Amino acid sequence: MRNDEPREFRGPADVRVRARTLCEAGWLPEAISLLEQAAAGEFQNDVGIRLDLTKALLAAGRIEEAEAVRLPERAT
Amino acid sequence: MIVLGIHMGHDATVAVIADGVVRSVIEKERRARVKHAAIAGIADIDLALADAGIDLGAVDAVAVTTTQNWPFLFTDPASFRFEYAPELGGPLGGPDFMRDRWRRFVPAMAAAAAEGRQRLVQFRGFPDTAPLFDGATDPSDPAAEVLFTQQFPFTPTGWAGTGNPETIIEQAAKLYGDRNWREMLNGPFQVPITCTIRGRTLPGAVIPHHLAHAATAFYQSDAERAVIVTFDGGFQSTQYGYAGGIHAVGEGDALYPLWFNHSHAGNLYRRVSDACGLPGIGGPGKLMGLAPYGTPRFHDDTYVGTIQQVAARHPAEPGRIVDLIYESAWPYVRHAVSAARDEVAAVPSADPLSPWSRDLAASVQASFELMALDLAHTAARLAGTLGIDSDTLCLSGGCALNCPANSRIWREAPFGRVFVPPACDDSGLAVGAAFYVAHTLFGDRRVPQGADMGGLAYVGRRIGEDEVRRALGVVGPDLLVEDRIDAPARAAGDVAAGRVIGWVEGRSEIGPRALGHRSVVADPRDPGNLERVNRVKSRERWRPLAPAALAERVDDWFDGGPPSSPHMLFTHHVRGDRLPAVTHVDGSARVQTVDTSCGGFRELIEAFDRLTDVPVVMNTSLNGRGEPIVEEPQDAIALFRRGGLDALYLEGRRITRKAG
């Protein structure tokens with residue numbers, strides 16, 4: 001799957017499953033991009049997406065970006 | 001008195017204690033063949049009672065524990081369940097002043113049951129805990145019942161405190177100084193229950209997690225008086241209660257928890273294991289083996305201390321997700337990442353063999369050891385304020401599996417003896433809970449356990465001769481079975497000739513270490529055996545393997561650790577260079593001292609000594625990658641069939657493959 005391909009997600013769980021698959025395949029930057037898009041878009045209030053995004057950024061050594069991820073306002 | 005101990009969390013276990021003696025311990029993982037399997041059920045209870053030769057009708061009380069913050073799940077409530085029983089009288093009900101508290105506790109926990117189910121469902125969905133739930137354990141099954149719980153639902157005022165060791169000691173002196181603290185601390189921690197097993201109702205109690213850890217250590221230590229420290233991978237949570245570790249003392253038949261110790265050493269170690277690419281429950285054990293490959297360049301004293309001390313120096317930001325993921329360990333990881341940003345960025349994902357991971361492992365090991373030492377010193381001072389002076393320190397909880405830290409405590413802390421029980425991790429909780437109920441609550445007299453002997457561990461599943469015959473009856477024509485042999489002598493000959501063997505005898509060991517009853521054995525003199533045995537077990541090449549040595553000869557071959565290490569829970573320094581296959585890169589080894597209670601395994605080493613003049617063999621657990629230690633004869637034969645081992649010794653028989 002390419003990041004510029006159109007895709008439909010039934011819910012945040014689909015995004016997380018796909019991101020995890022990308023990670024396991026060694027496509028960490030692609031997984032991060034996918035999670036960033038989801039966290040900035042229609043799933044911006046989902047805690048799980050942000051948790052996975054943070055973990056993926058940490059795994060990529062993008063420490064400042066990982067630290068910058070916050071809980072959605074609704075969850076805090 | 002007969003007590004049934006049931007640990008319901010991960011590493012689920014059922015134990016039967018009769019008149020102060022451990023009669024049987026069944027670890028669910030061994031039966032279900034799922035490593036660290038969670039949620040004990042009726043099958044484990046049935047097996048434990050049958051193995052102990054005790055009828056359910058003879059059981060006097062039930063003692064229950066769980067992993068911190070794990071609700072109780074009853075997958076077959078018609079066969080096994082329990083409910084809180086605030087009206088229960090007698091020793092299990094605790095002192096009268098607790099009644100009103102239990103009455104408030106029960107509806108609160110009932111109201112939280114739905115949340116508990118959701119939490120268990122989440123655990124089943126997390127990649128690191130999902131494998132613990134075997135096929136029969138589904139928390140989302142509407143037929144399964146859930147009971148919520150809290151660790152230490154009620155504790156004396158002040159325990160939650162600041163976490164500063166000086167303050168703990170001051171506050172303890174103030175709280176206990178003028179009171180009868182023995183009476184005050186006996187009975188208010190357990191939650192009374194009534195337990196229904198196969199239609200029979202039994203009285204019981206839920207024992208807090210760390211109290212059960214402390215009991216496992218104290219009651220198996222044989223010490224008349226002991227200072228006790230428990231610590232594990234838990235952390236503090238305002239929602240679910242405390243879960244880091246406790247300071248306690250034992251005296252005579254009674255155990256007294258004194259204060260939370262506010263340790264975050266275990267959480268730090270666990271989370272750093274994740275960061276180094278060694279995730280899951282087994283990660284910290286691997287990190288311990290990785291640490292000697294690195295240098296502790298990220299160690300910094302400001303990250304050493306209790307959870308409150310470290311949090312005060314390195315505060316979390318509200319809403320920051322990394323603090324949720326790493327909890328109290330985040331500042332340490334961040335510090336290590338910041339100090340070597342380029343190195344971390346150069347590696348696409350966490351890799352345990354990267355220089356950064358190796359040095360982070362070495363750093364966190366150094367920090368962990370200092371925190372463990374601090375806990376031992378604080379516990380000694382705390383006990384001293386109560387007039388409890390003991391030469392014995394008992395360590396328990398998953399952190400007590402850290403062998404280098406245990407040896408350092410033995411060398412540097414103010415105790416002549418450091419005792420760590422063989423199942424110091426959660427697999428020992430059922431034993432500890434049962435002991436606590438029998439001795440502290442009911443005042444049943446303790447009996448000697450054989451604390452410094454290997455036999456303490458051999459209380460797992462008993463193999464019947466009929467089971468062995470049944471398993472051997474279906475081995476097929478490809479295998480050769482030889483019986484009526486001198487098995488220890490033949491095995492020693494095989495090992496001396498360079499063969500790698502499996503060795504199965506008697507009751508299985510409890511706890512995570514194989515101690516010669518379910519072991520892979522090889523020649524420690526051959527440097528190639530490290531790689532070979534790691535390959536046979538599909539283990540990482542860099543992980544060390546351990547020696548088992550005749551107890552009375554250990555000083556000739558090792559130093560720097562206690563003279564008795566029957567459960568492979570201390571690190572020694574290897575003298576000389578004759579044991580390359582079991583000597584780690586820093587010259588250390590995790591020694592098992594093998595005494596006369598170890599049965600045929602000791603005879604094997606004696607025979608190997610006669611052949612080679614070396615009273616040491618390599619000993620590692622008999623299991624494949626990601627599997628629990630084998631339990632039953634058919635498990636061992638199945639493992640042998642998969643290849644790698646040259647011979648399997650099964651209850652005195654030698655099994656090999658037929659040529660051609």
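Colleague: What makes β2 (residues 13–18) and β3 of chain B a pair, and in which sense do they run?

Modeller: In this predicted model, six bridges join β2(B) to β3(B), and the two strands run antiparallel. Two strands pair if there are at least two bridges between them, so six bridges are enough for β2(B) and β3(B) to count as a pair. To find your place, look for T13(B), which stands opposite E27(B) in β3(B).

Colleague: Which strands make up the sheet, and in what order?

Modeller: The sheet is open and has seven strands, in the order β3-β2-β1-β4-β9-β8-β6 of chain B, with mixed pairing.

Colleague: Why are β3 and β6 of chain B said to stand at the edges?

Modeller: Each of them, β3 (21–27) and β6 (80–84), has a single partner strand, so one side of each is left without a neighbour in the sheet. Ignoring direction, neighbouring strands of this sheet are turned by 25° against each other on average.

Colleague: What makes you say that helix α17 (residues 429–441) of chain B packs on the sheet?

Modeller: The helix α17(B) touches β1 (2–7), β2, β3 and β4 (61–65) of chain B. Its direction makes about 140° with that of β1(B).

Colleague: How do you know that β24 (residues 647–650) of chain B pairs with β16 (residues 501–504) of chain B?

Modeller: There are four bridges between β16(B) and β24(B), in the parallel sense. With at least two needed, four bridges therefore make β16(B) and β24(B) a pair. Here G502(B) stands opposite L648(B) in β24(B).

Colleague: And what joins β24(B) to β25 (residues 653–657) of chain B?

Modeller: Three bridges do, and these strands run antiparallel. L650(B) has R653(B) in β25(B) as its bridge partner. The two strands form a hairpin with two residues between them, and E651(B) in the turn has a positive phi of about 45°.

Colleague: Which way do the residues of β24(B) point, and are they buried or exposed?

Modeller: A647(B) and Y649(B) point one way, L648(B) and L650(B) the other way, and all are buried. Buried means under 20% relative accessible area, so each of these four residues falls under that cut-off.

Colleague: What describes the packing of helix α18 (residues 465–472) and helix α23 (residues 633–641) of chain B?

Modeller: Their angle is about 35°, with the axes 9 Å apart, and the crossing is right-handed. Among the residues that meet are V468(B) in α18(B) and I637(B) in α23(B). The residues of this contact divide into five nonpolar, one polar and one charged.

Definitions and conventions: Residues numbered from 1 in each chain as written. Chains lettered and ligands numbered in written order. Predicted model: local features only at pLDDT ≥ 70, side-chain atom pairs only at ≥ 80, totals over all residues. Heavy atoms only, no water. Axes fitted to C-alpha atoms, helices over the stretch in contact; angles between N-to-C directions. Left-handed = near helix turned anticlockwise from the far one by under 90°. Contact = heavy atoms within 4.5 Å. Nonpolar A, V, L, I, M, F, W, Y, C, P; charged D, E, K, R; others polar. Buried < 20%, exposed > 50% of the residue type's maximum accessible area, 1.4 Å probe, protein only.
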